[in-house]
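Hello,

Here is the structure I promised to pass on.

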Amino acid sequence: MNTFCGNKDTRTELFGYTLKNPVIPASGTFGFGYEFADWYDIDILGSISLKGTTLEARYGNPLPRIADCPAGLINAIGLENPGVEKVVSRELVKLDKVYKGKVIANVGGHSFEEYTRTAAGFNRADKVFALELNISCPNVKGGGLAFGTDPKVVEELVAAVKEASVKPVIVKLSPNVTDIAALAKAAERGGADGISLINTLLGMRIDLRTARPIISVKRGGYSGKGVFPVAVNMVYAVSEAVALPVIGMGGVSSARDVVEMMYAGASAVMVGTANLVDPYACKNIIEELPALMEELGIDKLTDIIGRAHNA
Amino acid sequence: MKKETLKITANERLTHDAFAMTFEGCSRVKPGSFVELSLDGFFLARPFGAGDYSDGKLTVFYRVVGEGTEAMTSLKAGKEISALTGLGNGFRTERAKRPLLVGGGLGVAPLYYLAEDFASRGVRPTVVAGFRSARDVILRKEFAAISDIVVTTDDGTEGYCGNAVSYLKNNSVEYDYYYACGPTVMLKYLTEFDVKGEVSLEARMGCGFGACMGCSIMTRSGPKRVCKEGPVFDAAEVIL
């Protein structure tokens with residue numbers, strides 16, 4: 001248990017697994033974790049959501065994949081990853097040397113078959129305590145987001161993955177929809193164990209000199225500080241709509257943001273883009289938490305989950 | 001890799017669009033490595049090759065190519081900025097006995113620190129530095145003090161008329177291994193001319209330390225991150 005400041009209880013729980021704090025680096029912003037061990041002792045993290053993994057290795061999109069924005073960035077990586085087999089046999093082994101806790105494997109795909117086979121690929125990986133189903137990646141043609149916008153498809157896909165996997169399944173939702181609560185309910189009907197949100201917002205930047213989109217594939221996903229209020233609203237809406245644990249993310253950059261997300265209904269909080277501008281972002285947030293809890297009169301972090309709904 | 005606060009000690013104009021920014025308070029960095037500078041008002045930090053380094057003093061050479069570098073031109077001595085230093089792999093200096101350094105435009109910047117590194121060990125490198133025109137030439141005098149330098153310009157307004165690679169093709173330059181940095185097209189022709197060397201690449205980056213895969217390129221040995229496995233790659237490995 002973390003006791004940086006007095007005896008504040010920062011623990012939280014997901015599907016029976018206890019996290020020493022609610023801070024989880026978000027998928028795609030933390031590699032396979034061990035990269036950050038060169039900056040600090042990553043054992044302090046609540047958990048880690050691994051880089052999105054597909055059945056086969058993928059290179060992803062051509063460069064440029066990144067565009068700077070005033071309060072965040074646009075990315076269109078295109079799910080570059082070494083494929084599930086290498087993630088289990090190589091990346092998880094490397095991570096195990098520097099991180100003792102269990103992690104969340106993020107699963108991407110282009111078809112029902114790819115999602116279910118990739119999910120099953122993690123069945124015997126003890127390091128993984130849950131899957132995060134990425135049905136909302138805006139950067140993969142004919143996949144990702146295409147799966148995340150139709151409630152019927154979401155329900156069927158989640159049911160198929162649940163069938164194939166022995167792990168609890170978190171469904172990661174896209175904010176690029178009219179009614180995110182409807183998608184959350186569809187995931188719940190399909191048998192999801194939890195919901196994480198928000199993935200990135202579709203965005204574009206255009207180079208003033210060339211009049212061309214900066215990103216090679218034109219558009220990508222916008223994330224960073226600027227999306228935080230959008231995320232809080234959606235986390236609030238989804239935690240009202242479903243009875244599942246919700247993991248909040250989107251622009252979280254401080255301990256104050258973590259508490260706000262938990263007030264909105266999050267049982268745990270993912271920190272994404274902040275890691276890319278400050279490798280110490282998660283460490284700083286975790287270290288700030290006890291003092292902020294003291295300031296706000298919070299003894300036990302789990303007490304505040306969804307507090308804003310009673311207001 | 002370190003997160004440090006650097007203090008600007010100078011920010012000088014070198015040409016119509018090129019500048020040199022010098023900092024103090026920087027931990028030792030390797031030739032060929034780069035730094036990410038966090039600028040006020042911009043979300044992402046900007047990557048710059050280490051152009052010169054000694055005793056805590058770091059120099060980066062930059063050209064105004066967008067809003068970030070434009071904003072840098074108005075920064076004054078005394079200003080402190082947050083930086084990630086010592087990023088990337090750096091040049092493999094042990095590979096050359098008679099080094100040739102091939103630079104194009106601002107690509108000569110990391111080669112200057114490399115030339116100094118060789119000079120400090122009693123090796124005088126040969127440098128071929130290509131520019132568009134005489135008004136773009138930087139660091140000629142500084143290179144001349146520690147290396148045998150040939151300047152080329154595309155329009156012939158200074159030195160050899162043509163680019164750095166055409167100079168190498170048309171003249172016999174003695175070297176056993178080269179180090180290159182410059183525009184992709186220059187590196188492409190150079191690696192086609194000779195693969196006994198290494199090239200420093202640049203890319204739009206997200207993080208600069210291997211987390212986001214924003215700068216991943218396909219090489220003959222699979223995908224590699226410019227910021228982590230690079231920015232320096234074997235000439236035989238890159239697909240340009």
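This is a predicted model: local features need pLDDT of at least 70, side-chain atom pairs count only at pLDDT 80 or more; totals for chains, interfaces and linings use all residues.

Residues are numbered from 1 along each chain as its sequence is written, chains are lettered from A and ligands numbered from 1 in the order in which they are written, and side-chain values use heavy atoms, leaving out hydrogens and water.

Helices (H or I, at least four residues) and strands (E, at least two) are DSSP runs, numbered from the N terminus. The axes of helix 5 (residues 180-189) and helix 6 (residues 228-241) of chain A come within 9 Å and cross at roughly 40 degrees; axes are lines fitted to C-alpha atoms over the stretch in contact, with angles from 0 to 180 degrees between N-to-C directions. On the helix 5 side, A:I180, A:A181, A:A184, A:K185 and A:E188 meet A:M234, A:A237, A:V238 and A:A241 of helix 6 (contact means heavy atoms within 4.5 Å).

A:S27 sits in the loop between strand 3 (23-25) and strand 4 (66-69) of chain A. With 13% relative accessibility, A:S27 counts as buried (under 20% relative accessible area; exposed is over 50%, partly exposed in between, with a 1.4 Å probe and protein chains only).

A:V217 lies in the loop between strand 10 (201-203) and strand 11 (220-223) of chain A, and at 34% counts as partly exposed. Leaving aside neighbours within four places in sequence, A:V217 is in contact with A:N61, A:P62 and A:A76.

Best wishes
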